[in-house]
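Colleague: I would like to learn how to read the features of a model such as this one. Please take them one at a time, with the general idea before the case.

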Amino acid sequence: MNRRRKFLLASVLALQNSSFIYPSCQKCFSRIILVSKRSDCPKCGSTGESGNANYRYKLSLKVAESNKLFVITVFGSCLDTFFGLTATGLHRYIQDPNKIPETLDNDTTQNLLTKAVETCFVGQSFIFGVTNFENQPGQGSDASNFLQQCSDHKRKAKALVACQIVLPDPATQDAKTK
């Protein structure tokens, strides 16, 4: 799928939730329902064995660009480099107590993971490749001022979807501050 995207340089203010991975349909990437030993996709009807489920990253962040607030949800494998492994790998690691020297309960594991994600993302600037800018109110195919229009509506943080996240080039940042 060839989707146009705009790029947004923004600073992360906070995590929006502590759920970073979800069981994903292999066909349409929607959240699947795991019941007993089966998995079902409510969107496309795909079924399978729950033990073979793939997982996908979903990271929701509150970000600021200048004086505008956005909630950006980043999906997919672009987060593999930040987490150090795939979402399926992370899920298996968390679920398999034999891989963790001292077994921790689920709440402790989730709290540690949330703290690690906060430490890595909150307070940092990233470039987000945003794909749903054309769906914002008043947008046509020319979305050159989509950020202004996104943030003006009742001063609420607008929800955006990103399929890309990268750290800005430090050389570019240094040049901007001089």
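This is a predicted model: local features need pLDDT of at least 70, side-chain atom pairs count only at pLDDT 80 or more; totals for chains, interfaces and linings use all residues.

Colleague: Which residue touches both Phe29 and Arg56, among others?

Modeller: Ser24 does; leaving out residues up to four places away in sequence, Ser24 touches Phe29, Ser30, Ile32, Asn54, Tyr55 and Arg56. Ser24 belongs to strand E2, residues 21-24.

Colleague: Is Ser24 buried or exposed?

Modeller: The relative accessible area of Ser24 is 5%, so Ser24 is buried.

Colleague: Now the aromatic rings. How is a pair of rings described?

Modeller: A pair of aromatic rings is described by two values, the distance of the centres and the angle of the planes. Here a search of the whole structure gives 8 aromatic pairs. One of them joins Phe83 and Phe121, with 6.4 Å from centre to centre and 40° between the planes, and this pair is tilted.

Colleague: Why does the pair of Phe83 and Phe121 tie together parts that are apart in sequence?

Modeller: Because Phe83 lies in helix H1 (residues 80-83) and Phe121 in helix H3 (residues 106-121), the pair links parts that are 38 residues apart in sequence. Both Phe83 and Phe121 are buried.

Colleague: With which other residue does Phe121 form a tilted pair?

Modeller: With Phe126: the centres are 5.4 Å apart and the planes are at 35°, again a tilted pair. Phe126 is buried, as is Phe121. Phe121 and Phe126 are also members of one aromatic cluster, together with Phe20, Tyr57, Phe82, Phe83 and Phe128.

Colleague: Next, the nonpolar core. What is the general idea?

Modeller: In soluble globular proteins, nonpolar side chains tend to be buried together. In this model the largest nonpolar core has 32 residues, and Ile72, Leu79 and Phe128 have the most contacts inside it.

Colleague: Which elements give two or more residues to this core?

Modeller: They are strands E1 (6-15), E6 (54-65), E7 (68-75), E8 (125-130) and E9 (158-166), along with helices H2 (87-95) and H3. E6 gives the most, with 5 residues.

Colleague: What is Leu79 in contact with, leaving aside its neighbours within four places in sequence?

Modeller: Leu79 is in contact with Tyr57, Leu59, Val74, Phe121 and Ile165.

Colleague: How should I read the sides of a helix, say H2? Which of its residues are buried?

Modeller: In H2 the buried residues are Ala87, Thr88, Leu90 and His91. They cover an arc of only 160° around the axis, so they are on the same side of H2. E2, E6, H1 and H3 are among what covers these buried residues.

Colleague: H3 has come up several times. Which residue of H3 lies 7.4 Å from Ile94, C-alpha to C-alpha?

Modeller: That is Thr109, a residue of helix H3. Thr109 and Ile94 are 15 residues apart in sequence. With a relative accessible area of 12%, Thr109 is buried.

Colleague: Last, how many salt bridges does the structure hold?

Modeller: The structure holds 1 salt bridge. Glu65 and Lys68 form a salt bridge in which the closest N and O atoms are 3.4 Å apart. Glu65 and Lys68 are both buried.

Technical notes:
Residues are numbered from 1 along each chain as its sequence is written. Side-chain values use heavy atoms; hydrogens and water are left out. Helices (H or I, at least four residues) and strands (E, at least two) are DSSP runs, numbered from the N terminus. Buried means under 20% relative accessible area, exposed over 50%, partly exposed in between (1.4 Å probe, protein chains only). Contact means heavy atoms within 4.5 Å. Rings of Phe, Tyr and Trp (its six-membered ring) pair if their centres lie within 6.5 Å; planes under 30 degrees apart count as stacked, over 60 as edge-to-face and the rest as tilted. A salt bridge is a side-chain nitrogen of Lys or Arg within 4 Å of a carboxyl oxygen of Asp or Glu. A nonpolar core is a set of buried Ala, Val, Leu, Ile, Met, Phe, Trp, Tyr and Cys residues joined through side-chain atoms within 4.5 Å. The arc is that of the directions from the helix axis to the C-beta atoms.
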